[in-house]
Amino acid sequence: MHADAVVLDIDGVLLDVSDSYRRAIVESVERLYGRMIDRDDVQLFKDAGGFNNDWDVTYAAALYVLADERDPIDLATFADRVEASGGGLDAAESVAAEHLDDDALASVRADWNREGLRDAFQALYLGADLYRDLEGGDPPFETAGYIHDEPVLVEPETLDALEANAVVGVLTGRPAAEAEIALDRVGLDLPEEHRFTMDDWDDGKPHPNALTTLAARFDADSVAFAGDTLDDVQTAVNAAEADPDRTYHGVGVLTGGLTGESGRAAFESVGAAAVVDSVNDLPALLFGE
């Protein structure tokens, strides 16, 4: 496999976010509603598709908890129905509406506090100091911030090899300020035009527009996009359909929520061109290094 441009996801690829973003998701729901879903169950929403934004995962997890309290439903069943309805937060709302009677649904909607969930998430993830800097106000509570608990997954030699052989870009669901913090931490210095963040587009993955735009900016003939979710691989598949004059390779990385042989099979089922154990395997895959 060859690529003259390599686009990287951040979460689960460059940084391990299992004790940061995913922890913030489940603990935000617990703070507002007194109930915590299992952290591993966050992957059920990711696998349902359309949840590139972790705020949306938080909202959907809270919606599930509230719906389950009114009329019990297994989380795996709820997530399967979300996937069957097209994935994402709109689908989660539709599933809740179909599951509940009118009175229960009205009660859930009254209790579903997305603004409060977002504030709790940002306070838990950023910590009080960064919250004040980035959110422009006081946090709802004081915390140190899980953003400081994100182990770096990518080795400096890997970044050197990628940048020596290809144009490198980033496509992430993080807000721009949080993406900048992450890239500084891993030591990847990219110009703004080589990045797409949550702040740069409305559609989100797996919509192909950001990836095809980066490919055009890079004047690339062949693009590899490495990510840790099915939506990441599907983004590359959709880009290939939208931009047939270029070659797009979706590469699944097994350091996020999808791991082991089951993760490999899941990536392959949505059209992954390759699956690697770590982002550090990319130079050998793409350039034989």
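Contact, in these notes, means heavy atoms within 4.5 Å.

**Ground rules**

I am working from a predicted model, where local features need pLDDT of at least 70 and side-chain atom pairs count only at pLDDT 80 or more, while totals for chains, interfaces and linings use all residues. Residues are numbered from 1 along each chain as its sequence is written, and side-chain values use heavy atoms, with hydrogens and water left out.

**Entry 1: Asp54**

I began with Asp54 and asked which residues it touches, not counting those up to four places away in sequence. I found Tyr21, Ile25, Lys46 and Phe121. Asp54 lies in helix α3; helices (H or I, at least four residues) and strands (E, at least two) are DSSP runs, numbered from the N terminus.

Is Asp54 buried or exposed? Its relative accessibility is 11%, so I noted Asp54 as buried. The scale I use calls a residue buried under 20% relative accessible area, exposed over 50% and partly exposed in between (1.4 Å probe, protein chains only).

I also looked at what the side chain of Asp54 does, and it makes a polar contact with the side chain of Lys46 at 2.6 Å. By polar contact I mean a pair of N or O atoms within 3.5 Å; within protein, one must be able to donate a hydrogen and the other to accept it, and residues adjacent in sequence count only if both atoms are side-chain atoms.

**Entry 2**

Next I looked up how the helix of Asp54 packs. Two packed helices are described by the angle between their axes and the distance between the axes. Axes here are lines fitted to C-alpha atoms, for helices over the stretch in contact, and angles run from 0 to 180 degrees between N-to-C directions.

For helix α3 (residues 54-70) and helix α7 (residues 114-135), the axes come within 10 Å and cross at roughly 125 degrees. That angle is why I wrote α3 down as oblique to α7. The cut-offs are under 35 degrees for roughly parallel, over 145 for roughly antiparallel, 65 to 115 for roughly perpendicular, and oblique for the rest.

The crossing of α3 past α7 is right-handed. A crossing is right-handed if the near helix is turned clockwise from the far one by less than a right angle, and left-handed if anticlockwise.

Which residues make the contact? From α3 I listed Asp54, Trp55, Thr58, Tyr59 and Ala62, and from α7 Arg114, Leu117, Arg118, Phe121 and Gln122. In this contact of α3 with α7, five residues are nonpolar, two polar and three charged. For that sorting, Ala, Val, Leu, Ile, Met, Phe, Trp, Tyr, Cys and Pro count as nonpolar, Asp, Glu, Lys and Arg as charged, and the others, Gly among them, as polar.

**Entry 3: Arg114**

I then stayed with Arg114, which sits in helix α7. Arg114 has a relative accessible area of 36%, so it goes down as partly exposed. Apart from neighbours within four places in sequence, Arg114 is in contact with Tyr59, Leu89 and Glu93. I also checked Arg114 against Leu63: they are 51 residues apart in sequence, and their C-alpha atoms are 9.6 Å apart in space.

**Entry 4: α4 against α5**

At what angle do helix α4 (residues 75-84) and helix α5 (residues 88-99) pack? I read about 120 degrees, with the axes 8 Å apart. That makes α4 oblique to α5, and α4 passes α5 in a right-handed crossing.

Phe78, Arg81 and Val82 of α4 meet Gly88, Ala91, Ala92, Val95, Ala96 and His99 of α5. I counted these residues by class as six nonpolar, two polar and one charged.

**Entry 5: Glu150**

Glu150 is in the loop between α7 and α8 (156-165). With a relative accessible area of 2%, Glu150 is buried. The Glu150 side chain makes polar contacts with the side chains of Tyr125 at 3.0 Å and Arg174 at 3.2 Å. Setting aside neighbours within four places in sequence, the residues in contact with Glu150 include Leu15, Asp16, Val17 and Tyr21.

**Entry 6: Pro175**

I found Pro175 in the loop between β2 (167-171) and α9 (176-186). Pro175 is buried, with a relative accessible area of 13%. Met198 is 23 residues away from Pro175 along the chain, yet their C-alpha atoms are separated by 4.8 Å.

**Entry 7: two backbone notes**

Lys205 and Pro206 are joined by a cis peptide bond, with omega about 10 degrees. Asp219 is not a glycine, but I noted a positive phi of about 50 degrees.
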